[in-house]
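Here are some exercises to work through with the structure open beside you. Try each task first, then follow the solution step by step.

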Amino acid sequence: MNILAIETTAAFASAAIIDKDEFVHEVISEGNFTHLQNLIPLVDQVLEECDMKLSQIEGIAVSRGPGSFTGIRIGMSTAKALAQALNVKVAEVPTLKAMALNFYNFGGIVCPILDARRNQVYSAAYTFEEDEQVELYPEGAYFLDEVIEKLAGKGPVIFIGDGVSNDAIRNGLEGAIGREAFFAASDKRIQTAEMVAVLGLEIHKAGGAVSYVEAQPEYLRKSEAERNLELKKCGQK
Amino acid sequence: MKLRPPKNGKEYICLAIESSCDETSAAVVVNGRKVLSNIISSQIDIHKEYGGVVPEIASRHHLNNINPVIDEALEEAGIGFKDIDFIGVTNRPGLIGALLIGTATAKALAYALDVPLIGVHHIRGHICANYIAYPELEPPFTSLIVSGGHSTLADVKGYNEYEIVGQTRDDAAGEAFDKVARVLGLGYPGGPLLDKLAKEGDPEAIHFKRVYLENDSYDFSFSGTKTGVLNYLNGKRQKKEPVNDADVAASFQAAVVEVLVNKSIRLAKERGRDKIVLAGGVAANSCLRKTMEEKCRENGIKLCMPPLILCTDNAAMIGAAAYYEFMEGNCGDGMDLDAYATAAL
Ligand SMILES: Nc1ncnc2c1ncn2[C@@H]1O[C@H](COP(=O)(O)OP(=O)(O)OP(=O)(O)O)[C@@H](O)[C@H]1O
Ligand SMILES: [Mg+2]
């Protein structure tokens, strides 16, 4: 099965193809938050470099969030429309789970941390046992203290994702977890399409891919206006 | 790129997409004039609760709605993806998060179907709605574009040649209607509700200022008129005098409409144009339609005003605009097409 994978939830967009032999080829954009402009040219480039035509693509995989709301939507709407035109299915790949895969051989806990602002992070944590990715706690928007509480004393943890580039977050983690805290190098910490392709293929094979109408993003957070309205309604009660 | 012949050998079929504000729309338009389908999924009821369009919520709903809306447009037109000759999409101006959904979708479809993609200016689309409503209409003409975000007078010299002669210096006409409607407690969206209430009022009951600016100016300014209404209401409230809301609505509407109509007629005469073309959501206003009709008749000017469904945001108008760009030799924006919150006409 040839799968086209898309990752646009962070600052740099990327596209990858995983082919019948499970060989993955990836291209990464140089533009910072220029996903709308760059994504289709990236798709075109990765196809060309794989010597493939779009019509040979048998499934789409898209990083469905969490991450930048706008980024998620550019990836998801592109994935949906490609699937609609090509008449193929979409794998909604959990962003944090895919990016953790990059560190499967770390030998401890792998913890993606995305800066969610307003003092929160989008996070989940995994360990890799034999061939299995085991979830320590589910993806969610957490305060840093909540993450620390879940991880302290559990052995070595490697933190990945753009949250690591935020000094306040990094210092907070380092202060609490100390020598057991490791941080992915800056050129390895950002999510890219390669692992979206790997996990996407798994989802397709397992029959978990959905139609272009059903495919959904995962923001992990309501819009600010909705939250404010709910607060207001609670206050009135 | 060279113009390719139409796939069916006779007519160009455009799939058009619009998502610049709170309507998700897709249409199939033949040769820029004949509408085979025009599906509009409105989010008005969702945003009502917030008293205005919330960009993040609008973007989320566009993402959910757009693909089924496209399917429905194709189905109603009785065509499939293979019949499409080119794709037109609103990529400017508007809410950026909302524009992104239509633009990303259109790009992916154009790429996968290997057809040209045309990025369309939303306001050009509003003007081109008239080519659908009036099959004989051709430029040149004078156009008054009045919507939630625009109050613009343009001299339309050709299908793709627009000169902006006047613009609002503060509130757009629709914005002024909405704000006055809000202080009258009419709800959202206020324009149509104010229009309805005004029918029961006396437009000469209260004199609100008509702002014409400099003698030769074609610009508009509605914030002064709006403030006049606020001051009037506050004055009444302080004196504990009763207010006739219908009179206020009718008088405010009359003040805004008078300026819009007089400037439009003056521009048409100055440029020697024998047609005035209305565009945008406020063109649905009954007082504007009636007054403009009277004044045009007095001055021997033909008036075009699209039916209401083509006045507010819809994709068919984008299909019309895209067609004329396509014919002009704009045979496709690149696959690096972007979206823009603001853009010149
Ligand atoms: N009958 C009416 N009388 C007055 N105003 C009206 C009427 N019907 C609609 N409007 C106003 O028209 C505006 C909506 O028009 P439209 O949908 O063209 O604007 P928009 O798409 O939000 O803005 P833009 O096209 O400038 O981006 C609103 O401000 C609404 O209140
Ligand atoms: Mg509009």
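**Exercise 1. Find how many residue pairs are in polar contact across the interface of chain B and chain A, and work out which parts of chain B take part in that interface.**

Step 1. Start with the polar pairs: between chain B and chain A there are 9 residue pairs in polar contact, both residues at pLDDT 80 or more. A polar contact here is a pair of N or O atoms within 3.5 Å; within protein, one must be able to donate a hydrogen and the other to accept it, and residues adjacent in sequence count only if both atoms are side-chain atoms.

Step 2. Now look at the helices. On the side of chain B that touches chain A, helix 2 (55-77) and helix 3 each supply at least two residues. Helix 3 of chain B gives the most, with 11 residues. Helices (H or I, at least four residues) and strands (E, at least two) are DSSP runs, numbered from the N terminus.

Step 3. A salt bridge is a side-chain nitrogen of Lys or Arg within 4 Å of a carboxyl oxygen of Asp or Glu. One pairs B:Glu49 with A:Lys233, at 2.8 Å from N to O.

Step 4. Finish with the extent. 30 residues of chain B are in contact (heavy atoms within 4.5 Å) with 33 residues of chain A. About 2700 Å² is buried between the two chains, and carbon and sulfur atoms give 65% of that. Buried area is the accessible area (1.4 Å probe) that two parts lose on being put together, summed over both. B:Arg60, B:Leu63 and B:Tyr111 supply 26% of what chain B buries against chain A, more than any other three residues.

A word on the ground rules: this is a predicted model, where local features need pLDDT of at least 70, side-chain atom pairs count only at pLDDT 80 or more, and totals for chains, interfaces and linings use all residues. Residues are numbered from 1 along each chain as its sequence is written, chains are lettered from A and ligands numbered from 1 in the order in which they are written, and side-chain values use heavy atoms, with hydrogens and water left out.

**Exercise 2. Describe how the two domains of chain B meet.**

Step 1. Chain B is divided into domain 1 (13-128 + 311-327) and domain 2 (140-306), with bounds from an automatic or database domain assignment. Their C-alpha centres lie 28 Å apart.

Step 2. Domain 1 of chain B brings 18 residues into contact with 20 residues of domain 2 of chain B. They bury about 1500 Å² between them, 68% of it on carbon and sulfur atoms.

Step 3. Count the polar links: 0 salt bridges, and 3 residue pairs in polar contact. On the domain 1 side, helix 4 of chain B gives the most residues, 5.

**Exercise 3. Is B:Asp171 buried or exposed, and which side chains does it meet in polar contacts?**

Step 1. Find B:Asp171 in the loop between strand 8 (161-167) and helix 5 (173-183) of chain B.

Step 2. B:Asp171 has a relative accessible area of 7%, so it counts as buried.

Step 3. The side chain of B:Asp171 makes polar contacts with the side chains of B:Lys179, at 3.3 Å, and B:Lys226, at 2.8 Å.

Key:
Buried means under 20% relative accessible area, exposed over 50%, partly exposed in between (1.4 Å probe, protein chains only).
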